[in-house]
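Dear colleague,

Please find the structure below, passed on for your review. My notes on it follow.

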Amino acid sequence: MSQSTRPGNRERGWNDPPEFLHSENGTSAQSKRTVLNQRVAHSFDGKPTEKNTETLAEPPKLAAPPISQINSKKDEESSQPAVSNEVDLENIEKILNESVQLLKDSGIAAKICDDISKRIKIFVNSWPKLNQTVKQRMASLVKNLNNKELKNANDLHVRLMMDFPSEVSQWMVGIKKLIFEMIELEKIKEENQ
């Protein structure tokens with residue numbers, strides 16, 4: 001400990017760190033630091049003043065960003081929703097009920113199927129109150145469910161639960177159970193083959 005300590009209370013506790021001076025001569029470092037809250041002189045006509053000509057140079061101009069395939073895909077997607085904004089609730093309800101019937105026919109407990117059906121009814125009743133994004137994602141989820149793309153359906157279910165928990169929490173439990181039972185049914189079919 002080659003630095004000197006500040007004058008003060010010599011009766012420090014055993015775990016108090018030493019208080020070192022920040023400069024050898026004892027003056028504060030405030031006199032040496034640059035004041036950063038002063039205004040920079042700038043004329044209103046856009047020309048730099050004589051004092052600070054080297055500090056007021058213009059930053060380099062940036063080139064326009066390259067047009068990528070991602071941007072073109074976004075443009076295509078933004079033009080499509082005008083056509084596909086209307087999501088057919090009857091078709092969604094029909095596919096969901098057919099999936100529940102498939103579960104009943106395969107021997108899944110009636111209580112589970114009835115609970116899923118109740119949640120589907122809650123979903124149908126809350127349809128007018130749902131956000132357009134939720135409606136479109138549910139249409140995609142049901143399409144994936146109908147095409148037996150259960151992993152994609154499960155991913156959409158998780159995204160809906162994460163993005164819109166207050167809108168989907170009452171009925172999404174039934175959709176989750178439906179997807180889970182369909183996955184289990186597919187596993188059983190694969191084992192039997």
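What percentage of the 193 residues in the chain do buried residues make up? The figure is 21%, where buried means under 20% relative accessible area, exposed over 50% and partly exposed in between, with a 1.4 Å probe and protein chains only.

This is a predicted model, in which local features need pLDDT of at least 70 and side-chain atom pairs count only at pLDDT 80 or more, while totals for chains, interfaces and linings use all residues. Residues are numbered from 1 along each chain as its sequence is written, and side-chain values use heavy atoms, with hydrogens and water left out.

The chain contains eight helices and zero strands; these are DSSP runs numbered from the N terminus (helices H or I, at least four residues; strands E, at least two). Of the contacts (heavy atoms within 4.5 Å) with a separation of 6 or more, 59% join residues 24 or more positions apart.

Helix α8 spans residues 172-192. Its 21 residues reach 30 Å from first C-alpha to last, close to the 30 Å expected at 1.5 Å a residue, the expected span being 1.5 Å times one less than the number of residues. Buried positions in α8 include Ile 175, Leu 178, Met 182 and Leu 185. The buried residues of α8 pack against α3, α4 (110-125), α5 (132-146), α6 (150-163) and α7 (165-168).

On the α3 side, Ser 99 lies in the helix formed by residues 89-105. Ser 99 counts as buried because its relative accessibility is 6%. Leaving aside residues up to four places away in sequence, Ser 99 touches Leu 145, Leu 178 and Met 182; Leu 178 and Met 182 are among the buried residues of α8.

Yours sincerely
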